[in-house]
Amino acid sequence: MHLEIPYNVRPRPDTGLYNAKLGIWLFLASEVMLFGALFSSLILLRSGVPHWPHGRDEGLNIPLATLNTLVLIISSVTVVMAWASLRLGDLKKGRIYLSCTLLCAMGFMVIKTIEYMDKFHHHHFPATNNFYAIYFTLTGLHGLHVLGGMIVFAYFIGPGAKMWATEPARFTNRIEVCGLYWHFVDLVWIFLFPILYLL
Amino acid sequence: MAPPKRQLRVGKEWLYAGDAERLLRDAIRMREEEEAAHGHEHHESFLRKYVFSIDHKWIGVQYGVTALCFLLFGFSLMLLMRLQLAKPGHAFGILKILGEGRAPGGVMLPEAYNQLGAMHGTIMVFLAIVPLAVGAFGNYLVPLMIGAPDMAFPKLNMASYWCYLPGGLIMLASFAVTGGTAASGWTSYPPLSDIATEGQTWWLVGMIFLITSSLLGSVNFLVTIIQLRAKGMTFMRMPFFVWAQFVTSFLLLLAFPPLEAAGVLQLMDRVAHTSFFLPTGLVVSGQMLNVAGGGNPVLWQHLFWFLAHPEVYVLILPAMGIIGEIIANNTRKPLWGYKSLVGAVVFLGFMSFVVWAHHMFLTGMGTVISAFFQTTTMIISVPSVVILTAMLMSLWGSSMRFNTPMLFAITFLPMFGIGGLTGLPLGLAATDIHLHDTYYVIGHFHYVVAPGTIFAMFAGIYFWFPKVTGKQMNETLGKIHYWGSLVCINGVFFPMFAQGLAGVSRRLYDGGVQYEHAKFAASTNMFMTTAAWALFVFQIPFIFNFFSSMIWGKKVGSNPWQATTLEWSATTSPPLAHGNFAVTPVVYRGPYEYSNPEYTEADFWPQNVVVGEPEPASPGGGMLTHGAAAQQEH
Amino acid sequence: MDTTTTEHLADEHTHGGVHDPNAHHSPEEIRKETRKYLVVFFALACLTAITVGVSYLHLESHEAIAIALIIASIKAFLVAGYFMHLLSERKLIYAVLGITVFFFAMLLWGPWNHHYDYFGR
């Protein structure tokens with residue numbers, strides 16, 4: 001039997017939120033602490049050594065990473081456009097925008113893979129030194145989050161879109177919630193990029 | 001208009017209480033008949049209904065049973081450790097179950113002692129207490145207490161349990177791995193943990209599962225409490241138990257991720273050979289380690305304790321919530337100082353994030369940072385005292401009932417008092433120099449968790465057993481369990497303070513007898529081991545009582561304790577997946593309206609009983625007379 | 001209690017007068033928002049270019065870190081404020097984020113401070 005949980009679609013009047021939106025913001029708060037711990041580690045490790053390599057000198061590909069930054073920003077725009085289209089009642093456009101988001105995400109992962117392969121080719125592994133260790137760990141964890149997002153988007157473009165036929169408002173809310181997660185992934189990269197590559 | 005005497009307003013009519021109750025029972029019966037008639041339509045598979053259940057009550061039961069099994073297992077590890085401590089190096093037949101690798105000929109090896117120690121701590125904290133306090137009690141009771149049909153995200157709830165169980169099984173499986181299980185303490189400090197045997201990697205993987213389970217659960221709890229409170233259930237009308245779970249969930253949400261990050265870093269160190277925690281030039285067994293170096297072992301400590309300090313409040317807050325409910329019910333009075341309790345618990349939660357380095361006073365921190373953490377630690381003792389005082393004041397002038405849950409509940413108070421007070425010299429940097437890493441610390445935290453939290457867990461089990469099963473546990477067996485446990489548990493832990501003050505270090509596989517200054521500990525250790533095994537014996541009536549009462553226990557109705565909170569107005573053992581309440585409750589008053597002179601039908605006034613005009617939620621807390629309202633305002 | 005119902009997106013008058021970022025009644029307002037997103041995108045692209053450009057100036061490390069973090073924060077503000085519509089979000093979310101930011105700051109401060117304030121220094 002399907003139990004009806006209140007405030008899944010309509011916001012609760014006194015909080016003004018529907019359940020999943022509150023849920024995702026709480027989850028994002030915990031993610032802030034997760035990446036925060038890693039940034040904290042970076043700061044401690046970096047201040048603990050007399051010499052910390054600069055990204056450029058270690059051969060980090062700045063143009064490629066800049067491109068990746070733009071790719072993620074574009075994907076953030078497309079996901080919010082998807083949500084706007086759904087609010088206007090246009091599933092087709094929404095799905096197109098979601099597919100663009102997914103494509104951008106794939107592009108990001110491809111560029112990341114190229115970067116990683118290049119590093120391994122030059123015998124730069126996490127074990128090489130702490131600069132690479134934290135670089136691979138931070139970008140790796142971020143990459144896992146991108147991957148997770150991709151899986152969810154693929155689901156909503158595909159089988160998940162069935163919900164539009166019966167509960168379009170709830171489906172739109174789900175896309176909004178995914179979008180919030182995706183913007184956070186973009187946000188992390190906005191900080192990761194300068195900190196790892198440019199400083 | 002004043003309501004006619006002895007009559008309640010139901011809808012548009014004035015009815016006598018008996019008629020009102022009959023009306024409600026008819027409604028419930030009609031609903032149940034309707035469901036029985038349509039029941040065949042909702043045929044769920046066994047797998048869906050009982051294994052991958054999305055009903056918070058069954059998930060709560062799953063958590064409870066699993067956690068109690070882990071509790072018993074973690075307890076057994078301690079019993080084995082204490083044998084070694086009583087007679088170090090002695091051959092014990094029972095130790096042979098550890099296998100030839102760990103205990104050849106029944107003599108425990110030091111490595112085995114370390115494994116037992118690390119896993120006892122890990123299992124008790126992460127696999128037993130938190131899943132029991134939050135996963136079991138929290139899951140089962142919170143939606144019921146706030147009048148919700150279930151948790152906000154039932155499927156996520158199921159996912160939480162199914163991250164917890166595999167995590168726990170991975171931890172258990174690590175015992176079978178080459179080199180044994182994790183043996184670097186539950187705190188897993190590097191560099192030791194970085195270079196430890198394979199079992200440590202399993203520990204880290206298990207922790208990642210457990211942390212994920214925790215995170216999913218905490219999101220669920222927070223959204224449920226914020227969004228799904230029934231009509232009239234304002235925040236200040238919530239039972240104290242729900243407030244405790246609310247703050248606990250915030251702690252779990254924000255404090256666990258740094259440990260997850262740290263776990264990832266340690267995994268990288270162990271598996272990818274990075275040096276996050278390995279300093280340059282580390283020599284192990286005479287050989288320089290072949291790593292890049294440049295790491296910092298203290299980084300692990302910061303990240304670990306950033307979680308682990310809020311974690312200890314996660315261990316105690318649900319317990320305080322349980323005690324609050326039981327005390328209010330068995331004193332037949334409202335809890336004294338509800339507002340102070342709420343303020344204290346929120347402040348405590350906040351402060352718990354800024355005290356963590358008091359576990360690190362001996363890592364070479366400077367005076368400024370030590371002073372900061374010492375100050376915050378002293379400040380955090382204030383809300384704990386407020387909570388304890390409020391509970392003690394609640395006993396004054398009460399009409400006390402001494403049933404088993406109440407015995408455990410009032411015992412919690414002095415036991416937590418001892419635990420808390422002994423924390424003070426540990427929180428002050430100067431005295432901590434002498435006491436850090438001694439048995440004093442072990443005595444301190446066990447007092448808070450064992451005769452503290454675990455007694456509260458027992459109290460909760462005896463108290464809510466009738467709601468879950470419809471049967472009451474046997475009082476005689478309960479009292480035997482109580483008295484035996486009380487005496488024995490103090491016998492185990494009280495001497496630890498003396499040992500610690502005399503300088504007996506913790507984590508010594510022989511209990512300290514290798515050191516001149518600690519030789520006296522031998523006789524004390526023998527005494528404590530005897531008490532520990534006697535403590536085990538006194539759990540047997542409890543375990544027997546738990547199972548036998550399910551089958552042969554005295555059958556009771558939906559509210560055997562005559563309580564006021566919403567879970568008691570739900571039918572006994574509410575059915576799964578059919579919502580919790582026959583009629584969705586509307587709340588008219590605070591959670592502890594016991595002995596209210598305005599209500600003469602009984603000495604308890606349930607939160608949702610209809611009376612007078614149903615009023616919109618007011619901060620005053622419903623229909624209270626001036627006197628009662630003044631009492632409520634502390 | 002309240003059941004989930006299939007709702008038409010355009011008809012959102014049932015929110016009890018509460019301000020809700022979702023409750024834009026007209027397609028016009030949604031299209032206006034869309035234009036805002038594009039403006040934000042261009043701002044973000046420019047700021048990215050500036051960040052990279054500044055890094056080639058070989059500034060002192062303190063200045064470089066400060067500028068990079070300031071630009072990143074502005075970008076973050078734009079993403080959070082407009083894409084995540086945090087600027088029109090409920091107080092409750094602000095409260096959650098406020099607490100989080102405070103603890104995040106503690107997490108950053110603690111280990112770093114330990115490095116600078118230790119025995120023997």
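A residue counts as buried if 20 or more other C-beta atoms lie within 10 Å of its own, exposed if 12 or fewer do, and partly exposed in between, with the C-beta atoms placed from the backbone. The legends below describe a predicted model, in which local features need pLDDT of at least 70, side-chain atom pairs count only at pLDDT 80 or more, and totals for chains, interfaces and linings use all residues. Residues are numbered from 1 along each chain as its sequence is written, while chains are lettered from A and ligands numbered from 1 in the order in which they are written.

**View 1. Chain C as a whole.** Here you see three helices and zero strands, arranged along the sequence as α-α-α. Helices (H or I, at least four residues) and strands (E, at least two) are DSSP runs, numbered from the N terminus. Of the 121 residues in chain C, 21% are buried.

View 2. Ile70(C) sits in helix H2 (residues 61–83) of chain C. Is this residue buried or exposed? Ile70(C) is exposed, because 11 other C-beta atoms lie within 10 Å. Thr51(C) is 19 residues away from Ile70(C) in sequence, with 9.7 Å between their C-alpha atoms.

**View 3. Where chain A meets chain B.** Chain A brings 31 residues to this contact and chain B brings 37 residues (two residues are in contact if their C-beta atoms, placed from the backbone, lie within 7 Å). On the side of chain A that touches chain B, the elements giving two or more residues are helix H1 (19–47) and helix H4 (130–157) of chain A. The largest share, 14 residues, comes from H1(A).
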